Amino acid sequence: ETLDRLGDPIGVKLLAEELGIASVPWSEGQVEDVESALGWAARLGYPLFVKAAAAGRDGLGVRRVSSAADLPGAFEAVRSEAGLLFGDARVFLEQKVPEARHLGVQVVSDGQGAVWAAGLCECTLQRRNRTIVEESASPGLPDARVAELCDAASRLAAATGFSGVGTVEFMVGPDDAPALLLCHARQRAHEA
C-alpha cells in the first residue's frame, strides 16, 4: 500500500499538500476528459505537461504542451499510451517550471516513524525526461534549502509509514518561489 501510494504522483501530491509541502501547480487530481483538461490548462497556463499517473520514470506517458491547440491530441495520446503500457489511463496536468532544478533526497526509514534523510543529489542534467548525471551534493544550493528539502522528504516518508531506502524527488525554480516543488517519490531496489 505504501509503495503504491508513493508511486502514484496524484496521491503523493495530495499527501504533500496535506503536510504543507508545496507542489508544482497542477490539476489537483485526475483529469477525466479533454474539456476538463482545457479548463485546467487555462488556469495553469502554458507551457504545461500532460502526465500519466502510472508513468513513473523514463519519460514515458509525458507530453509537453505549448498551446490549447496541442492539448487535445497530447491528452488523448498520453491517456492511450498509459492505458496500453501501464494498465492505468489516469492523466493529470502539471505546470512546466522554467529552468527548474531537479533534486533527489535519499531517505532511509524503519517504517516505525524513524526516518533519516541520507543526502541530496542534483539530477537536473536530463535528456528526454531521464536523468543523465546525478551529482551529490547539489552545487550552489544553500544549506537552508538542503535542510528544508530533507525535512520535507522525511515528513513525507514518515506520513506513509514507508520502510526501506527510497528517493523523494523535488524541483526548485530559479527564483526559489514557491520554496518546495514536489515531483514524486519512489523506492530504490536494495538487498539486505
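Asp8, Asp88 and Arg90 are linked in a network of salt bridges, and the structure as a whole holds nine salt bridges. The model described here is a predicted one.

**Salt bridges within helices**

- In helix H4, Arg79 and Glu76 lie three residues apart, which is about one turn of the helix, and their side chains meet in a salt bridge with an N to O distance of 3.0 Å.
- Both partners of that pair are partly exposed, since the relative accessibility of Arg79 is 25% and the relative accessible area of Glu76 is 35%.
- Helix H5 holds Arg145 and Glu148, again three residues apart and about one turn of the helix, and the side chains of these two residues meet in a salt bridge at 3.4 Å, N to O.
- An α-helix has 3.6 residues a turn, so residues three or four places apart point the same way.

**Strand S1 and its partners**

- Strand S1, residues 48–52, is largely enclosed by the rest of the structure, because four of its five residues are buried.
- S1 runs antiparallel to strand S2 (residues 62–65), to which four bridges join it, and S1 also pairs in the antiparallel sense with strand S3 (residues 91–95), over five bridges.
- Lys51 has a bridge partner in each of these strands, namely Val62 in S2 and Phe92 in S3.

**The two sides of helix H3**

- In helix H3, which spans residues 34–44, the buried residues are Val34, Ala37, Trp40, Ala41 and Leu44.
- Seen down the axis of H3, these buried residues fall within an arc of 120°, so they line one face of the helix.
- The buried residues of H3 pack against S1, helix H4 (71–86) and S3, while Glu35, Ala42 and Arg43 are exposed on the other side of H3.
- Gly45 follows H3 and has a positive phi, near 90°.

**Nonpolar cores**

- In soluble globular proteins, nonpolar side chains tend to be buried together.
- The largest nonpolar core in this model has 21 residues, of which Val105, Val107, Leu149 and Phe170 touch the most other members.
- At least two residues of this core come from each of helix H2 (9–18), strand S4 (101–110), strand S5 (115–122), helix H5 (143–160) and strand S8 (163–172).
- Which element gives the most to this core? Helix H5 does, with six residues.
- Another core, of 18 residues, lies apart from the largest one, and its members include Ala37, Ala55, Val65 and Val91.
- Ala37, one of the members of that other core, is also among the buried residues of helix H3.

Terms used. Residues are numbered from 1 along each chain as its sequence is written. This is a predicted model: local features need pLDDT of at least 70, side-chain atom pairs count only at pLDDT 80 or more; totals for chains, interfaces and linings use all residues. Side-chain values use heavy atoms; hydrogens and water are left out. Buried means under 20% relative accessible area, exposed over 50%, partly exposed in between (1.4 Å probe, protein chains only). Two strands pair if DSSP finds at least two bridges between them. A nonpolar core is a set of buried Ala, Val, Leu, Ile, Met, Phe, Trp, Tyr and Cys residues joined through side-chain atoms within 4.5 Å. The arc is that of the directions from the helix axis to the C-beta atoms. Contact means heavy atoms within 4.5 Å. A salt bridge is a side-chain nitrogen of Lys or Arg within 4 Å of a carboxyl oxygen of Asp or Glu.
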